[in-house]
Amino acid sequence: MDSSTYIGVIGAGTMGRGIAQVAAAAGHPVWMADLDASALDAAMDSLGKVYARLVEKGRVNRQEADEILGSIQCTTDLNKLPQC
C-alpha cells in the first residue's frame, strides 16, 4: 500500500482508534472522524497512553511515537474524508 494514501476511519471507539493506530504506525496519514468531539479527544488520549507505554518498554522511541500520533488528524466533519 502506498504510504501517501490517506486512511479514513469513521468512529473513534475502541475499534476505530485501533484501526487508526495500525494505519498510522504503517506510515499512512489518517483522518479519524466521529460526530462526537469528546470521543475523538478520548481516542487520542488513549492512543497517547498506549504510545507512552510503548516508549517506556523501548518498543518505539519518543520521536517515532510523536510522528505516529501526529499523523492522526481528528474531525467531526465527514466532508474531510473524500480524500481518503
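**Exercise 1.** Which residue forms a salt bridge with Lys49, and how many Å apart are the closest N and O atoms?

*Solution.* The model is predicted: local features need pLDDT of at least 70, side-chain atom pairs count only at pLDDT 80 or more, and totals for chains, interfaces and linings use all residues. Residues are numbered from 1 along each chain as its sequence is written, and side-chain values use heavy atoms, with hydrogens and water left out.

Step 1. Apply the criterion: a salt bridge is a side-chain nitrogen of Lys or Arg within 4 Å of a carboxyl oxygen of Asp or Glu.

Step 2. The partner of Lys49 is Asp45, with 3.4 Å between the closest N and O atoms.

Step 3. Lys49 and Asp45 are four residues apart in helix α2, so about one helical turn separates them. Helices are DSSP runs (H or I, at least four residues) and strands likewise (E, at least two), numbered from the N terminus.

Step 4. Classify accessibility: buried is under 20% relative accessible area, exposed over 50%, partly exposed in between (1.4 Å probe, protein chains only). Lys49 has 48% and is therefore partly exposed; Asp45, at 44%, is partly exposed.

**Exercise 2.** Describe the salt bridge of Arg62 and the surroundings of this residue.

*Solution.* Step 1. Arg62 belongs to helix α3 (residues 62–70).

Step 1. Arg62 pairs with Asp66, the closest N and O atoms being 2.9 Å apart. Both residues are in helix α3, four residues apart, or about one turn.

Step 2. Arg62 is partly exposed because its relative accessibility is 38%; Asp66 is partly exposed at 42%.

Step 3. Beyond neighbours within four places in sequence, Arg62 is in contact (heavy atoms within 4.5 Å) with Tyr51, Ala52 and Val55.

Step 4. The salt-bridge count comes to two.

**Exercise 3.** Is Asp34 buried or exposed, and what is the distance to the nearest side chain of opposite charge?

*Solution.* Step 1. Asp34 is in the loop between β2 and α2.

Step 1. Asp34 is buried and has no salt bridge; Arg17, the nearest side chain of opposite charge, is 7.9 Å away. For this search Lys and Arg count as positive, Asp and Glu as negative, and His and the chain ends are not counted.

Step 2. A polar atom of the Asp34 side chain lies 2.9 Å from the backbone nitrogen of Asp36.

Step 3. Leaving aside neighbours within four places in sequence, the contacts of Asp34 include Gly11, Ala39 and Thr75.

How values were computed. Polar contact = N/O pair within 3.5 Å; in protein donor to acceptor, adjacent residues only side chain to side chain.
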